[in-house]
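Subject: Two-chain model, handover and findings

Hello,

Here is the model for your files. Please look it over first; my notes follow below.

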2 protein chains.
Amino acid sequence: MEIVIIGSGNVAAVLGRKFKAAGHQIVQIISRNASTASALAYEWDTESANYMILLNKQADLYIIAVPDDAIGEIAKDLRLPGKIVAHTAGAVSKEVLKSVTDHYGVFYPLQSLRKETMNTPVTPLFFEGSDEITSKTLESLAHSISPGQVTRAGSEERMKLHVAAVVVSNFTNYMYTLAEAYCKKEGLDFRQLLPLIEETALRLKDHSPKEVQTGPAIRHDKETIQKHIALLKDHPSLKNLYLILTESIQENLKF
Amino acid sequence: MEIVIIGSGNVAAVLGRKFKAAGHQIVQIISRNASTASALAYEWDTESANYMILLNKQADLYIIAVPDDAIGEIAKDLRLPGKIVAHTAGAVSKEVLKSVTDHYGVFYPLQSLRKETMNTPVTPLFFEGSDEITSKTLESLAHSISPGQVTRAGSEERMKLHVAAVVVSNFTNYMYTLAEAYCKKEGLDFRQLLPLIEETALRLKDHSPKEVQTGPAIRHDKETIQKHIALLKDHPSLKNLYLILTESIQENLKF
């Protein structure tokens, strides 16, 4: 397929690379950020542009991979009758693209994508289209870059997945961030925790997280909890969350 | 070395296997749990016993891998003059073993160990001893099973690592547990989140978590946060934590 990519951030860069690797042709990349756009255009041996007025209107498919609140802004001035247009946001309805074309949809990668990582991870894709042509096209595009990891999902299902993604990715990363700050202040090497962090994530392949919950909270181990709280006295924010999460674990889970 | 292992839970089982694989001899396993003890004894081709009175007193080294609150109880009635004795708990002082021998210490694996996993993960080890003989012996034992992952750490440092371990492992696993319960109730497949969970953990090899924090909280994306809260209306406990963690991220991190 001939594809135009709108946006030059992490999602645009990683999806573009995957499209190219799957044999599609990226005919243009459009972004207000001239330097990231031209870097990607150079990488993909294609052209870049910095204004929507320069948009190539001859492509088959337009992928809008920009921040959530910029999608509506772009859609407002965009008319691509007969073309297929999709955005990549988990938390935005497809209807935001209704005025652009009759063939609009969503192409949502449920993954943390970073352009500087060359080995991109397994990326489940969730698609929906305003009509069968759009759905079929997005589905086949999804299969071409993530075989076996493609699911049709309406806006509500996608939004719920997005909530769950925030919990398992943004909130866990925040736990890592708090632990890193704690280690730094206490003179410990945060990197010594990486094997534990990896194992905690990777064991989910074989176990439900509920079955493998351990630690002083679920054991109601008051002595250890008290020692921990004492060691968090110079870290009020982490101490507060420690208490809240410990209480929540004790209320919701049984050992 | 000739080693006696006291305990037959996850830590006892995994450390025992690692000792055996490194060429040490496990001369006895002692545990109140007769069935898990005899299963491990069979696996290691050694003998098991269920009462401390049957303890083999001819070994070089005794590893006490039992729940935190059972260590003191075992130590109370144990006398092993001249022998090296260590427990494996992150949050317990080595002094609990003071009455057992002059050569006591700690041998703490900073990892989530599970006996049913045959491929055990990289396991950083933290040791300390009451004297140089004990320290050197525990250090060399640690190197024999976790080469390059061995650190001397006093009780306070070990306890602080234990706090950090609770944050990055128990609390993140709780996030996974909450997300799994949410998915189940909403008819979503939690397993579709596994690639994201893995990537969030594995990218820490290349990035500080602080640098890669994303999501609606750090973006102060009120519209998405409001949508998410609405989708959590039937999940009061998760909704409450969502609000608390979002607020904490916004207070502590800058985009």
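A term to start with: buried means under 20% relative accessible area, exposed means over 50%, and partly exposed lies in between (1.4 Å probe, protein chains only). This is a predicted model, in which local features need pLDDT of at least 70, side-chain atom pairs count only at pLDDT 80 or more, and totals for chains, interfaces and linings use all residues. Residues are numbered from 1 along each chain as its sequence is written, chains are lettered from A and ligands numbered from 1 in the order in which they are written, and side-chain values use heavy atoms, with hydrogens and water left out.

Salt bridges within chain B

The term covers a side-chain nitrogen of Lys or Arg within 4 Å of a carboxyl oxygen of Asp or Glu. The search of the whole structure gives 24 of them over all chains. B:Glu43 and B:Arg17 form one, at 2.6 Å from N to O. This pair links distant parts of the chain: B:Glu43 sits in helix 2 (residues 34-44) of chain B and B:Arg17 in helix 1 (residues 10-21), 26 residues apart. Helices (H or I, at least four residues) and strands (E, at least two) are DSSP runs, numbered from the N terminus. B:Glu43 is partly exposed, because its relative accessible area is 34%. B:Arg17 has 16%, so B:Arg17 is buried.

B:Lys136 and B:Glu139 also pair, with their closest N and O atoms 3.9 Å apart. They are 3 residues apart in helix 4 (residues 132-145) of chain B, so about one helical turn separates them. B:Glu139 is partly exposed, at 21%.

The interface

The rule finds 4 salt bridges between chain B and chain A. B:Glu198 meets A:Lys205 in a salt bridge at 3.6 Å, N to O. A:Glu186 pairs with B:Lys160, with the closest N and O atoms 2.8 Å apart. This pair crosses from helix 5 of chain A to helix 5 of chain B. B:Lys160 counts as buried, because its relative accessibility is 13%.

Helix 7 of chain A

Which residues of helix 7 (residues 222-231) of chain A are buried? They are A:Thr224, A:Ile225, A:His228 and A:Leu231. The buried residues pack against helix 5 (155-186) and helix 8 (236-252) of chain A, together with helix 3 (68-76) and helix 5 of chain B.

A:Lys57 lies in the loop between strand 3 (47-49) and strand 4 (61-64) of chain A. A:Lys57 counts as partly exposed, because its relative accessibility is 44%. Leaving aside neighbours within four places in sequence, A:Lys57 is in contact with A:Tyr62, A:Arg79, A:Leu80 and A:Lys83. The C-alpha atoms of A:Lys57 and A:Arg79 are 9.5 Å apart.

Finally, a network of salt bridges links A:Lys94, A:Glu95, A:Glu128 and A:Arg158.

Best wishes

Methods. Contact = heavy atoms within 4.5 Å.
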